[in-house]
Amino acid sequence: MAEMWINMGPQHPMTHGLWNLRVKVDGETIVDAEPEVGYLHRGIEKICEGLTYPQIIPITDRLCYGSSLTWSHLYCQSVEDLMGVEVPERAEYIRVMAIEMQRIASHLMWLAAYAGDLGMSVGFTYTMRDREVFVDLLQALTGSRLTYNYPRIGGVAHDLPPNFDRDSIRAVDYMEGRLKEYEDLFEGSKIFMMRNVGIGLLRKEDALNLGVTGPSLRASGVSYDLRKDMPYSVYPEMDFEVATLDDGDCYARYRVRMDEMWESCKIVRQALQKMPKGRWRMVSPRNAPAGTGLGRVEDPRGEAVMYVVGDGSDKPYRLKIRSPIFVTVSAAPKILVGYKLADVVAIMGGLDMCIGENDR
Amino acid sequence: MEAVSIEKAPSRIGENPEQRVLRALAESFPKTVSDGARLRPGLVRAKVDRSDIFRVCRVLKDNLGFEHLTMISAVEYDDRFEIVYHIASYQSKLLLELISTTPKDDPTVDSISSIWGGANWQERESYDLMGIVFRSHPKLERILLPKDVLYHPLRKDFKG
């Protein structure tokens, strides 16, 4: 049969944002694929060169609408490394707690989109409703619902609001009950399992070679999580497991993210319990010295890195952002080849694509 | 290309992973790797001559256990371009910052995408936004900007 190229995107329901996946098919079988990105390129790295250090924090929130708090935290962490600013311990605990809530919210949004992709409207409505619990908590903490603008260079913007501990523990308790229900809902669905188990195999060697990070890497049998292996902030104080599976298929990627939500619930509890009293923000200098700063964190989608170069002024000379999904999606051809066209939705959905950070 | 011939660098007693990597690099490439330093636990920096970047990366992956290329960043200074490679080792929990310099009028460097497939798109991004040319890259095309754009926006002489 004659081979042909099919454009899935930029306006395909699968894409969740503007990007294009070109697939070459022979009948129903995929023989080649090529992602095309860049539709949402806003030049954030260039914009940042014209802004002062504190002005950049809200810009970095716009990198990913799904997990904006991780990105502004990463930015603050890399600038603190450049300036040599010490962060008070209470602020570190607040950050870790907020990031883990953000991770749960981000994974829930992924699960909602994934369920929608695979035709489970019930999964979509349930997960979006429960994501609301954590978005409400983050709203109480930061004042916004999507782009939080909460971390500051040298701490966080404000202390916890009244009764925040109580509300968070309630939310986490509720979430743990719901997670059990999701597992029954998804894994009890024959269609969901048929579209996931054994689909989209990514071997360990390929995952390592192609720079895949985050849940997709851990689903391929590499137990590597920056929170555990290169700990930053107060993660060394936290007791949690790194979710790892050896199968490397779509189901393993789903399962790793589910397990991560369980672990995040544990971390939120511990952070609230161990949080000391004290200051939550230090004064940071206006100008950064000449030199470089590096921040490296575990984003919900993988390894996020920022490399900031200072030149002694109050604006960064260069800010380089490593987006985890940008590298992960370049591995898509390797995963897709050999499967059917109908599997594209499950495979690409399982990678948790976020265009904002991908195109920057 | 001549074959790389160094033994797998064994650890010496009392040596931490950072020192081991720096020593192995200095011993294998005495002329081209310089200024090795340990910045903080788990983070090492070294400078490498751009003519040797491919061989250094080959040794890093095959002999020293650096299996993950984290990031390639290009930085423009008044007199040079710096291409900064962040390469991670999952086994020994290290991050190596490898800095290579090119002159302003010849921003070319060897592609390492045949060593780490993850470098492919990152090199295309550096080409697209900063105009660094990676020799023997399989497909050096613009990735974020449209194909008919004539400028490299992250250069300092580009003013919107």
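Guide: Strands here are DSSP E runs of at least two residues, helices H or I runs of at least four, both numbered from the N terminus, and strands pair if DSSP finds at least two bridges between them. It's a predicted model, where local features need pLDDT of at least 70, side-chain atom pairs count only at 80 or more, and totals for chains, interfaces and linings use all residues. Residues are numbered from 1 along each chain as its sequence is written, with chains lettered from A and ligands numbered from 1 in the order written.

Visitor: Which residue in S8(A) stands opposite Tyr307(A)?

Guide: Stay with Tyr307(A) and look across to S8(A). The residue opposite is Lys320(A).

Visitor: Which strands stand at the edges in chain A, and why is one side of each without a neighbour?

Guide: The open sheet has 3 strands in the order S6-S7-S8 of chain A, paired antiparallel. Each edge strand has a single partner, so one side lacks a neighbour in the sheet; they are S6 (291-299) and S8 (316-322) of chain A.

Visitor: Which strand gives the most to the side of chain B that touches chain A?

Guide: The contact (C-beta atoms, placed from the backbone, within 7 Å) takes 23 residues from chain B and 25 from chain A. On chain B, S3 (68-76), S4 (80-89) and helix H3 (119-130) each supply at least two residues. With 6 residues, the top contributor is S3(B).

Terms used
Two residues are in contact if their C-beta atoms, placed from the backbone, lie within 7 Å.
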